[in-house]
Amino acid sequence: MMIATRKFGVGILFAVLAGFLAFDLQASAPLNPFQAPPIFALGSGQASSGAHCAAGIGGN
Amino acid sequence: MAISAGATPSPEMPSSKLTRAALIGAALVLVLMVAMFAGARFGLLLLIGLGFGITLEGLRFGFAGPWRAMILRREPAGLLAQLLAIALVALVAFPLLSSNGAELTGAHAPVGFAMVGGAFVFGVAMQIVLGCGSGTLVNAGSGNAVSLVALPFFAIGSFLGASHLGFWTDLGTLPVVAFAGSTGLMLTLSALAAVAVIAIVIGKPGTRMLPRRLWIAAALIAALALANLVVAGQPWGVVYGLGLWVAKGASALGADLGASAFWGSPTHAERLAQSILTDVTSLTNLGIIGGAFAVAVWKGGLAQRLPKLPPRAWIATIIAGLALGYSSRLAFGCNVGAFFSGISTGSLHGWAWFGAAFLGSMIGVRLRPRLGLEG
């Protein structure tokens, strides 16, 4: 009889995450590293464009 | 006894050198692949997330656990470590935000009825499952069964909370209040010091000093949070990414999110259209899970058996997971996005969150054993 350990639970988690990532890459706009923002936002001269937990309905 | 919101101790058999080398190699390969295929910034954010996960799990720096220790046993060390980390971030973040307002944004959000109520519910729920926003990710990554069950419901709750956000904020919301500049920094540091003094005075003698690991953890967490701000242009957060993952799934299943006031707005619609490998909080969330997993493997902690809990404990875990996600969207963040990042970037809502969530935690610690979650 198999004894359920943490390894088993983590295995399921990573399987789900891997499946979700595969779906996401297929369903989302293609990745394009040549159009990626500069490595550091600080000093980039660009406005912050991500979304955060503190974001309201409009995204900021 | 160390204060921890992470996994329970296990009969550990440290992993072999080969396993450890493979862990480091796999982490670096993943970071490089994201950098190559998505962009250097996104690879770096995954690396920062891994750092968060390794630090939180490896040095047992938590949020829910230390609050529990303060409430039940009057042990303030973990709470003091949180305040120290927040203060260290504020010392650098305030000047950065003042001088680079176009490139960097703080975790600024309004105080309101739903915001305060959401933080209160989050405090209750995080003590029931003994895992906050970051804690649930860390615990799930290290194989904690309660967090593994809570996590998907946390994500569903975050999606639903965001979808209903307009209704809740319409109940009454004040304008955003954000402290800034030297005066704002002094106010923030003074308030953090005042809370620390209260915690020390209330604290049980002999438990008031921070152990070495918490000094190190606080410094590392602060450094990583600042790196998050400098690289992403926004502070460390958790909840948004979880809700986004479910929103993507709902959209794929045919839900019309374009009609949602929240998910249909340009910023969020853009996030929905792009891969999670270009989303800040998604990347750091994945990194936290991966970092906690690496530490668990490193220490040989994955051999521990899953707990046998009564059905009511699992039902409570599911409900608490949903509540964690839903309430943290109403509260404009969890212990990370609102409490840690809100206060350290000057937002008044971070302080309101702290007070309300701590009150909720005082109830949550008493509910947890009644719900069968303490064996």
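How much area do chain B and chain A bury between them?

1. The answer is about 4,400 Å², with 67% of it on carbon and sulfur atoms. Buried area here is the accessible area (1.4 Å probe) that two parts lose on being put together, summed over both. On the chain B side, B:Arg41, B:Glu103 and B:Leu306 lose the most area to chain A, together 14% of what that side buries.

2. A quick word on the ground rules. This is a predicted model, where local features need pLDDT of at least 70 and side-chain atom pairs count only at pLDDT 80 or more, while totals for chains, interfaces and linings use all residues. Residues are numbered from 1 along each chain as its sequence is written, chains are lettered from A and ligands numbered from 1 in the order in which they are written, and side-chain values use heavy atoms, leaving out hydrogens and water.

3. Back to the two chains: 70 residues of chain B are in contact (heavy atoms within 4.5 Å) with 44 residues of chain A. There is one salt bridge between them, meaning a side-chain nitrogen of Lys or Arg within 4 Å of a carboxyl oxygen of Asp or Glu. A:Asp24 and B:Lys248 form a salt bridge, with their closest N and O atoms 2.9 Å apart. Helix 11 (residues 239–252) of chain B gives the most to the side of chain B that touches chain A, with six residues; helices (H or I) are DSSP runs of at least four residues, numbered from the N terminus.

4. Now look at the largest nonpolar core, which has 120 residues. Such a core is a set of buried Ala, Val, Leu, Ile, Met, Phe, Trp, Tyr and Cys residues joined through side-chain atoms within 4.5 Å, where buried means under 20% relative accessible area (1.4 Å probe, protein chains only). B:Phe61, B:Trp263 and B:Trp353 touch the most other members. Leaving aside neighbours within four places in sequence, B:Trp353 has contacts including B:Trp67, B:Met115 and B:Phe122.

5. Have a look at B:Val31 too, in helix 1 (residues 17–37) of chain B. Why does B:Val31 count as buried? Because its relative accessibility is 9%. Beyond its neighbours within four places in sequence, B:Val31 is in contact with B:Gly43, B:Leu46, B:Leu47 and B:Leu50.

6. Last one: B:Ser341 sits in helix 15 (residues 335–344) of chain B. B:Ser341 counts as buried because its relative accessibility is 2%. Its side chain reaches the backbone oxygen of B:Trp236 at 2.7 Å.

Conventions
Helices (H or I, at least four residues) and strands (E, at least two) are DSSP runs, numbered from the N terminus. Buried means under 20% relative accessible area, exposed over 50%, partly exposed in between (1.4 Å probe, protein chains only). A polar contact is a pair of N or O atoms within 3.5 Å; within protein, one must be able to donate a hydrogen and the other to accept it, and residues adjacent in sequence count only if both atoms are side-chain atoms.
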